[in-house]
Amino acid sequence: MGDRQPRLIGHWPLNTDMPSKTQIPQTLLDDIHAHVEAAYPEESAGLLLGRTDNGLRVITAIMTLPNAREKSARHNRYLITSRDMLHGEREAMKRGLDIIGVFHSHPDHPNHPSAFDREWAMPWFSYLITSVQNGRAAGTRSWRLTDDRSKFEEEELQVETNKRNEMRR
Ligand SMILES: [Zn+2]
């Protein structure tokens, strides 16, 4: 893929006058879509950086990551290593941000969490899942694992555009 190094994209100002939900700038969502489309038909993943303020979760940057799984399993498994997380935490700290979640793609599958996702997920994090159909991003939804780890619940993903706030799935 030529994308072996973590790469930080974007650094957006906070907008704190919103109710509790997860917010992402349209341009960052476009960056995620471009990244997962480029990796198709393999899964790809990255970290979501930002801040939580009064219950509002704001994604202000993403960090793309190389897929750490062995090649034969890459089409249906992503894995973010502890080294990736450490690197992500360092980069986030430098910018006064936190890691607030993970994004990954489901090539030719719906943007619902899989059993594998639930097994590896951590409570509190936001999990953005993008369905990629025939190489094109076909919708992103955000999920959070319940504290008892029994299931994912969908959370509202608010896509921030220049003109106005838009709700998308
Ligand atoms: Zn998944």
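Modeller: We shall take the helix, then the core, then the strand pairs. This is a predicted model, in which local features need pLDDT of at least 70, side-chain atom pairs count only at pLDDT 80 or more, and totals for chains, interfaces and linings use all residues. Residues are numbered from 1 along each chain as its sequence is written.

Colleague: Which residues of α1 are buried?

Modeller: An α-helix has 3.6 residues a turn, so residues three or four places apart point the same way. A residue is buried if 20 or more other C-beta atoms lie within 10 Å of its own, exposed if 12 or fewer, and partly exposed in between, with C-beta atoms placed from the backbone. Helices (H or I, at least four residues) and strands (E, at least two) are DSSP runs, numbered from the N terminus. In α1, the buried residues are L28, L29, D31, I32, H35, V36 and A39. They lie on the same side of α1 because they cover an arc of only 155 degrees around the axis, the arc being that of the directions from the helix axis to the C-beta atoms.

Colleague: Which residues touch the most other members of the largest nonpolar core?

Modeller: A nonpolar core is a set of buried Ala, Val, Leu, Ile, Met, Phe, Trp, Tyr and Cys residues joined through C-beta atoms within 7 Å. Here the largest such core has 31 residues, and I32, L47, L48, L49, I62, V102 and F103 touch the most other members. Its largest share, six residues, comes from β4. Beyond its neighbours within four places in sequence, I32 is in contact (C-beta atoms, placed from the backbone, within 7 Å) with I62, F103, L128, T130 and T140.

Colleague: How many bridges join β6 and β7?

Modeller: Two strands pair if DSSP finds at least two bridges between them. Six bridges join β6 and β7 in the antiparallel sense, and I129 has R141 in β7 as its bridge partner. The hairpin they form has two residues between the strands, and N134 in the turn has a positive phi of about 50 degrees.

Colleague: What joins β7 to β8?

Modeller: Four bridges join β7 to β8 (residues 152-155), and the two run antiparallel. W143 has E154 in β8 as its bridge partner, while R144 stands opposite E153. Six residues lie between the strands of this hairpin, where R149 takes a positive phi near 65 degrees. As for burial, seven of the ten residues of β7 are buried.

Definitions and conventions:
Two residues are in contact if their C-beta atoms, placed from the backbone, lie within 7 Å.
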